[in-house]
Amino acid sequence: MTIALNATHDPKLRSWVASANEAGTDFPIQNLPFGRFRTAGSNEAFRIGVAIGDQVLDLKAAGLVDTDDMNALMSASVKDRQALRAAISAGLAEGSDKQAAWSKALLAQFKAEMTVPCRIGDYTDFYTGIHHATTIGKLFRPDQPLMPNYKWVPIGYHGRASSIGVSGQVFKRPQGQTKAPDAVEPSFGPSKRLDYELELGFLVGRGNALGEPIAIGDAEDHLFGVTLLNDWSARDLQAWEYQPLGPFLAKNFASTLSPWIVTMEALAPFRAKFERPAEDPQPLPYLDAPSNREAGALDITLEVLLQTAKMRAEGIAPARLTRGNTTEAAYWTAAQLITHHTVNGCNLQPGDLLGSGTLSGPTPDAAGSLMELTLGGKQQITLPNGEKRTFLEDGDTLVMRGYCERAGAVRIGLGEVSGTVAG
Ligand code: CA
């Protein structure tokens, strides 16, 4: 089921929180993403908040929820989710009689510490970016970049949740085994080909019972919302370890999420048709539904920026490496991922994370990883200050941003996810 537009999407709606009405804000009243926060520097328990302009609304203090458990909130029915959104929207709207009371439930975002937006039980990473899969495939298999299964089955693997952090994450460069193609034996040491992957993180809302697949027409009822996801990858570890069982230590040392979950309700004005080229196989019936064809895709613009340690020391802002759009990148929809994941009876639970896979566009200026941008490390990129990169160096901060823009709708943003290689 896709979500119909309602009063919460009205482009004319304005908030009594003045910063929410400013052009270019990621968090106008039409967005209302959920996150977990506390006052920075405190030992308070994390609680549930909604971003509005440059503020966070404390949902419990506002009398909207009686829990600090985001996973419990995420498991609510679609009807209850929509009722909560309607109540938050009405209370934050200009002229609301809640203004006096809710003003006391606001905290400026710069005073808030955010954490991973929910308790992530299981993490599955997919591979829906067909341009990414083709470009990477070409590096390994020039004659057959895409494996024969790619256009039939959403490819994925089970990842690891324990090392998932929130924006601002600082992590050590991973060590491991690598083997150069011309070397006789592997060597051990720090990864020399550390990369990022630009992904969306789909967060599961209501789960399904073991043994009961989710039909594609119902799949979005089980999807709570979307974050940005940086799936850091050590390419040299990956190349040596990935056959025959797939990624392992090349992927599980860190993954970073943006702090705000933009709900499927908020994304309703930014849906797109899911279309396959005529020459491609059409999805098998269990992965096909009218709702998925009409509006299964998401229309989100994604940007990647890099700030080196030198840039940071000199006060230079992060430089943009690429910009692309999800409609050009993803070969499968979120609904198809949920349905495929459960078709064998596997049970999803509230807070499970499904990574989209690297969302690269068809051209290099929309590449979602350095592996693609530098043609496997063969072609350096030059930053505006003259520094060069093939892969990430110690002190580099990588930033991803996402936003939705459409005529007739108010722009909403996913915020940003940043992370730094400590070395
Ligand atoms: Ca990935």
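Which residues are the protein donors of the calcium ion? They are Asp125 (OD), Glu197 (OE), Glu199 (OE) and Asp231 (OD), and they lie 2.2 to 2.3 Å from the ion. The structure is a predicted model.

**Calcium site**

- Along the sequence, the donor residues of the calcium ion follow the spacing D-x71-E-x1-E-x31-D.
- Asp125 has a relative accessible area of 2% and is buried.
- Glu197 also counts as buried, at 4% relative accessibility.

**Sheet with mixed pairing**

- Five strands form an open sheet in the order β9-β26-β25-β20-β21, and the pairing is mixed.
- Its edge strands are β9 (169-171) and β21 (319-325), each of which pairs on one side only.
- From one strand to the next, the twist averages 20°.
- Within this order, β25 (residues 397-404) and β26 (residues 412-421) run antiparallel and are joined by eight bridges.
- Leu398 has Gly419 of β26 standing opposite.

**Sheet with antiparallel pairing**

- Another open sheet of five strands has the order β4-β3-β2-β1-β5, and here the pairing is antiparallel.
- At the edges stand β4 (106-108) and β5 (112-115); each has a single partner strand, so one side of each is left without a neighbour in the sheet.
- On average, neighbouring strands of this sheet are turned by 45° against each other, direction ignored.
- Strand β2 (residues 47-52) is connected by four bridges to strand β3 (residues 55-58), and the two run antiparallel.
- Ala51 is found opposite Val56 in β3.

**Aromatic pairs**

- Seven aromatic pairs turn up in a search of the whole structure.
- One of them joins Tyr127 and Tyr150: their ring centres are 6.1 Å apart and their planes stand at 75°, so the pair is edge-to-face.
- Tyr127 is in the loop between β6 (123-126) and α4 (130-140), while Tyr150 is in the loop between α4 and β7 (156-158), so the pair ties together parts that are 23 residues apart in sequence.
- Tyr127 counts as partly exposed, at 28% relative accessibility, whereas Tyr150 counts as buried, at 3%.
- Phe171 and Phe253 have ring centres 5.8 Å apart and planes at 45°, so this pair is tilted.
- Phe171 lies in strand β9 and Phe253 in the loop between α5 (235-241) and β16 (255-257), so the pair ties together parts that are 82 residues apart in sequence.
- Both Phe171 and Phe253 are buried.
- Tyr127 and Tyr150 form one aromatic cluster with Tyr331 and Trp332.
- Over the ring of Trp332 sits the charged end of Arg276, 4.3 Å from the ring centre.

**Helix α9**

- Helix α9 (residues 334-342) is mostly covered, with nine of its nine residues buried.
- These buried residues are Ala334, Ala335, Gln336, Leu337, Ile338, Thr339, His340, His341 and Thr342.
- The elements covering them include β6, β7, β13, β14 (223-230), α6 (290-295) and β22 (353-355).

Note on methods:
Residues numbered from 1 in each chain as written. Predicted model: local features only at pLDDT ≥ 70, side-chain atom pairs only at ≥ 80, totals over all residues. Heavy atoms only, no water. Pairing = 2+ DSSP bridges. Axes fitted to C-alpha atoms, helices over the stretch in contact; angles between N-to-C directions. Phe/Tyr/Trp six-rings, centres within 6.5 Å; stacked < 30°, edge-to-face > 60°. Buried < 20%, exposed > 50% of the residue type's maximum accessible area, 1.4 Å probe, protein only. Lys NZ or Arg CZ within 6 Å of the ring centre and 35° of its normal. Donors = N, O, S within 2.8 Å, 3.2 Å for Na, K, Ca; no water. Contact = heavy atoms within 4.5 Å.
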